[in-house]
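Subject: Handing over the two-chain model

Dear colleague,

Here is the structure I promised to pass on to you. Please open it beside this message and keep it in view while you read.

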Amino acid sequence: MAVRPILIYPDPRLKQAAAAVAEDDGSVADLIQDLVDTMVAAGHSVGIAAPQIGDLRRVMVVDVSSSKLGQQQSNHGLLEMVNPRIIERSGSRVFREGCMSVPEYTGNVTRAEHIVFEFTDRHGRLRVVESSGFEAVAIQHELDHLDGLLFLDRVSSLKTDVFRRKRG
Amino acid sequence: MQHFALTIVGRDRPGIVAQVTEILFNLGCNIADSSCSILGGQFAMILIISHPQFTSRDSFGEAFRPLEDADLTVALRVLKPGGEVPPHFEGEICMISVYGADRPGIVYRVAQVLGAKRINITDLNTKLVGSEQRPVYVMIIEAILPAGVSEQEVDVWMTPLREQLQVDINVRTIPQVEL
């Protein structure tokens, strides 16, 4: 379909909660495809949520299979998620997260190590999936976007947690 | 623009930050970077500030006098050109936790090893916790490991210190991910 521009904070849409996708929403497949195209075009990205391209519906895609870190552990390849919801979380681990919508900064964020989550796929089927490690962290990061949260909402200390990224 | 490092230390009480920043605001100063924290019973503020017209210590006149009158110690350092620019952090972020019964030399011995290996410490906090009878010293270091230095290697460097200082030392890197 189309590669869409990625919104950059302080675009106010990044701080809005997205609305659940209705069952009869016929255009959700187009949105999923735009998300996949935009994620792939961004090269380094392992996930993107609809609000990042200015669409306030609860849709996100994650694919850690092409990243170095993702390849070191089991993963589900391309996950296309409509109305995703985490139903169980356990453990915790810290990653230093960077986000395409908050360029130049990275922050230490504690996330659940292991999650069980459910979502509707592109074909309208309900799926329940377990995930751990990097993939689970990516899913939690993208899910935050659907709630209008950025990693800056998750850090506890600017001094130790947020760094200006090296400029290229 | 000329930058200055301003440090203010004094007995902690409510209103210090407001009093300091009101003065800076009225002077027209920018706060470029800052870190303020309670250390013991003291509140310590470190700020990198700038002002479009200020070029020296004299530019501030007697602006900080009210702080000194309120029993705060004020120090102003005039930065050399470029002194306000943070360095590029290249490499893996490594957290080192050190804790154990309080004894002299914990900070020094760990920092000595890291310094000798040219490892850059970017953050360091220590606290004395535990009870008066059994004080426990805790230190958390954030350091940047340059290319070629692994978490395992740092862990090996720490091994003799575990024995000599009788402390627990945990070394872990934080993976950086682009999401």
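Before the findings, two notes on how to read them. This is a predicted model, in which local features need pLDDT of at least 70 and side-chain atom pairs count only at pLDDT 80 or more, while totals for chains, interfaces and linings use all residues. Residues are numbered from 1 along each chain as its sequence is written, and chains are lettered from A and ligands numbered from 1 in the order in which they are written.

Chain B

Chain B has four helices and nine strands, where helices (H or I, at least four residues) and strands (E, at least two) are DSSP runs numbered from the N terminus. Read from the N terminus, its elements follow the order β-α-β-β-α-β-β-α-β-β-α-β-β. The radius of gyration of chain B, taken over C-alpha atoms, is 20 Å, well over the 16 Å that the globule rule (2.2 Å times the number of residues to the power 0.38) gives for 179 residues, so chain B is more spread out than a compact globule. Along the principal axes, the C-alpha atoms of chain B fill a box of roughly 55 × 45 × 35 Å.

An automatic or database domain assignment divides chain B into domain 1 (3–78) and domain 2 (92–174), and the centres of these two domains, taken over C-alpha atoms, are 31 Å apart.

Strand 2 (residues 30–39) and strand 3 (residues 42–50) of chain B pair in the antiparallel sense over nine bridges, pairing being counted if DSSP finds at least two bridges between two strands. In this pairing B:Leu39 stands opposite B:Gln42, and in the hairpin, which has two residues between the strands, B:Gly40 takes a positive phi near 60°.

Where the chains meet

The contact takes 22 residues from chain A and 14 residues from chain B, with two residues in contact if their C-beta atoms, placed from the backbone, lie within 7 Å. On the chain B side, strand 9 (residues 176–178) gives the most, with three residues. Strand 9 of chain B also runs parallel to strand 4 (residues 93–99) of chain A, joined to it by three bridges, and in that pairing the bridge partner of A:Arg96 is B:Gln176.

The nonpolar cores

A nonpolar core is a set of buried Ala, Val, Leu, Ile, Met, Phe, Trp, Tyr and Cys residues joined through C-beta atoms within 7 Å, and a residue is buried if 20 or more other C-beta atoms lie within 10 Å of its own, exposed if 12 or fewer, and partly exposed in between. The largest core has 35 residues, and among those that touch the most other members are A:Leu35, A:Ala50 and A:Met60. Its largest share, seven residues, comes from helix 3 of chain A. Another core, of 16 residues, lies apart from it and includes B:Leu145 and B:Val154.

Leaving aside residues up to four places away in sequence, A:Met60 touches, among others, A:Leu35, A:Ala50 and A:Leu146. A:Ala18, which is in the segment before helix 1 of chain A, is buried, with 20 other C-beta atoms within 10 Å. Its contacts beyond four places in sequence include A:Ala50 and A:Leu146.

With best wishes
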